[in-house]
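Hi everyone, thanks for coming. Today I'd like to walk you through a structure slowly, one part at a time.

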Amino acid sequence: MVLTADFSQRPLISLQHVWKRYANGTEALRDVELTVPEGDFLFLVGASGAGKSTLIRLLVREEKPTKGKIFVDGQELGRMKRRHLPSYRRKVGLVFQDFKLLPRLTAFENVAFALRVLGEAGRVVQARSKDALEVVGLSNKHDTYPREMSGGEQQRVAIARALVHSPRLIVADEPTGNLDPATGWEIMQLFLQINQRGSTVLMATHNRDIVDVLRRRVVAIDGGQVVRDDRAGGYHEALAASALRA
Amino acid sequence: MKLWRHLLFALNSAWQSFWRSAAVSLAATATVTLILTMAGINLLVGHTLAGVLDQYRARVSVISISVADDTPLTTVTDFEDQLRSDPRVVGVSYLSKDEALARFQADPVNADIARQIEGNPLAAKLEVRVGKLADVAAIDALARQWRGADRNDPTDYQGEFIARMLRLSAWLNLAGVVILFVLLLISIFIVMNTIRTAVYHRRHEIEVMKLVGATEWFVRGPFVLEGILTGVLAGGLALGGLLLAYRPFVDRFHSDLFFVPLGYDPAFVGELARDVLVAGALLGALGSYIGVRRFVRV
């Protein structure tokens with residue numbers, strides 16, 4: 001069964017009959033259809049091994065689909081040439097469970113790194129990194145190293161780094177997975193603010209409290225298929241749908 | 001401006017990466033230094049042997065035709081003209097019996113014999129300089145057919161010696177090329193593996209670079225520069241060692257084996273410096289390029 005949300009806005013992401021089979025024969029995604037309009041906030045839920053991470057890897061073009069098409073902002077990722085990948089990835093802000101900060105750089109340098117690799121001028125790097133840290137509430141932690149920060153602060157730095165390019169799409173893979181519930185909520189507030197500023201947010205999560213309380217769009221994946229797509233759903237309904245399928 | 005910032009970033013990253021895994025980098029530098037030293041020795045030995053061979057070549061490319069005592073001078077002049085018009089011949093000179101005796105007596109090696117000589121037993125000579133060593137045999141055959149040549153000892157042609165020298169020269173050239181090729185391959189392999197280690201050490205940074213949209217060459221550039229740095233450093237060290245050892249070694253060798261015309265060639269030092277440093281840089285660049293192509297994919 002394939003379900004898609006009925007939104008009138010222009011889709012930022014569109015997956016059309018996407019299949020992904022790995023070299024070892026594992027079928028990670030099966031005939032997935034999904035449309036994400038610009039400005040949407042979407043939770044991707046499902047058990048471990050359901051196919052969430054594969055979907056994220058396809059969206060950041062770490063992998064190509066075996067069959068089907070993926071469009072992001074009108075670009076078909078499967079046909080995108082490798083030399084165009086960097087410019088595509090600059091449009092997508094990525095946030096991970098393990099933060100992926102560089103330990104020998106300060107908070108400011110970690111954020112600035114995302115601009116330095118693009119060869120931005122020093123004053124641009126300074127101004128935009130400072131702004132990004134201000135957005136995540138870490139103006140006072142410029143010169144602090146990741147080892148000197150809490151998990152929540154590290155995740156904020158990672159979010160600032162994702163925001164510094166002003167991306168239209170933020171993809172987050174279990175961003176609260178390593179955080180205590182209170183800190184997880186703080187991070188979620190940040191994502192909501194980012195979404196309110198106009199960025200589309202797609203977040204894979206196992207945190208049922210967050211999904212249930214926020215009542216945003218929920219897409220449940222099970223066995224590589226989209227089994228539920230609710231405009232304002234909860235985590236339990238998603239699990240129930242998975243159980244029914246089983 | 002952007003390019004300049006990228007270059008600065010790459011240089012800075014390469015320098016930091018080199019020293020971050022200092023043990024591996026220095027071990028690779030030492031190994032490549034050793035290999036470039038061996039390659040440099042190979043070049044020096046090759047150059048020196050080429051010099052020695054050139055001297056022998058110059059000697060054996062001149063054949064001396066002994067003129068029979070009863071040959072009229074006009075016959076000699078005619079043959080001299082015939083030889084001069086031959087495109088294989090570079091020069092011909094006539095040495096009369098008296099000049100041949102004077103030259104013999106002037107050589108200190110012949111002092112004892114010269115004192116005992118009565119009259120002039122030496123023949124007049126036609127000294128023929130042949131352009132190519134391979135043509136000496138044909139000129140010798142021509143001389144032997146000439147009716148004015150001394151029947152007992154027509155020429156001083158040393159056919160077997162020349163053939164051996166040509167073979168030796170060809171083998172030495174081939175051996176030099178093979179040794180250089182093997183040494184260069186080993187260097188490339190070592191640099192490639194050093195870069196693999198550097199890539200492993202910096203895997204988190206590479207991952208972050210990819211995620212934030214760094215271009216392929218932005219990620220790869222510092223590694224290629226690190227390879228060039230390793231190669232140039234190794235080239236410099238190898239060159240220093242070679243230059244320090246070259247002259248004393250030649251002097252020592254010359255005093256032990258005085259009969260081998262071995263010499264120090266200051267003009268070759270510049271050529272050697274250029275070759276070793278360029279080889280170091282190219283090896284570093286090539287080894288690291290292959291390394292990053294294999295291990296860094298955006």
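We'll look at a pair of helices and then at some strands. Please keep in mind that this is a predicted model.

Let's begin in chain A. Two packed helices are described by the angle between their axes and the distance between the axes. Here, helix α5 of chain A covers residues 151-163, and helix α6 of chain A covers residues 181-196. Their axes lie 9 Å apart, at an angle of about 15°. Angles under 35 degrees count as roughly parallel, so α5(A) is roughly parallel to α6(A). The crossing of α5(A) and α6(A) is right-handed.

Which residues of α5(A) and α6(A) meet? From α5(A), we have Gly151(A), Gly152(A), Gln155(A), Arg156(A), Ile159(A) and Leu163(A). Facing them from α6(A) are Thr183(A), Glu186(A), Ile187(A), Leu190(A) and Ile194(A). Sorted by kind, the residues of this contact between α5(A) and α6(A) are five nonpolar, four polar and two charged.

Now over to chain B, and its strand β3, residues 124-130. How many of the seven residues of β3(B) are buried? Five are, so to speak, tucked under cover: β3(B) is mostly covered.

And what does β3(B) pair with? One partner is strand β1 of chain B, residues 62-67, which runs antiparallel to β3(B) and is joined to it by six bridges. In this pairing, Ile65(B) has Leu126(B) of β3(B) as its bridge partner. Strand β2 of chain B, residues 89-95, also pairs with β3(B) in the antiparallel sense, over six bridges. There, Ser93(B) is bridged to Glu127(B) in β3(B).

Definitions and conventions
Residues are numbered from 1 along each chain as its sequence is written. Chains are lettered from A and ligands numbered from 1 in the order in which they are written. This is a predicted model: local features need pLDDT of at least 70, side-chain atom pairs count only at pLDDT 80 or more; totals for chains, interfaces and linings use all residues. Axes are lines fitted to C-alpha atoms, for helices over the stretch in contact, and angles run from 0 to 180 degrees between N-to-C directions. Helices (H or I, at least four residues) and strands (E, at least two) are DSSP runs, numbered from the N terminus. Angles under 35 degrees count as roughly parallel, over 145 as roughly antiparallel, 65 to 115 as roughly perpendicular and the rest as oblique. A crossing is left-handed if the near helix is turned anticlockwise from the far one by less than a right angle, and right-handed if clockwise. Two residues are in contact if their C-beta atoms, placed from the backbone, lie within 7 Å. Ala, Val, Leu, Ile, Met, Phe, Trp, Tyr, Cys and Pro count as nonpolar, Asp, Glu, Lys and Arg as charged, and the others, Gly among them, as polar. A residue is buried if 20 or more other C-beta atoms lie within 10 Å of its own, exposed if 12 or fewer, and partly exposed in between; C-beta atoms are placed from the backbone. Two strands pair if DSSP finds at least two bridges between them.
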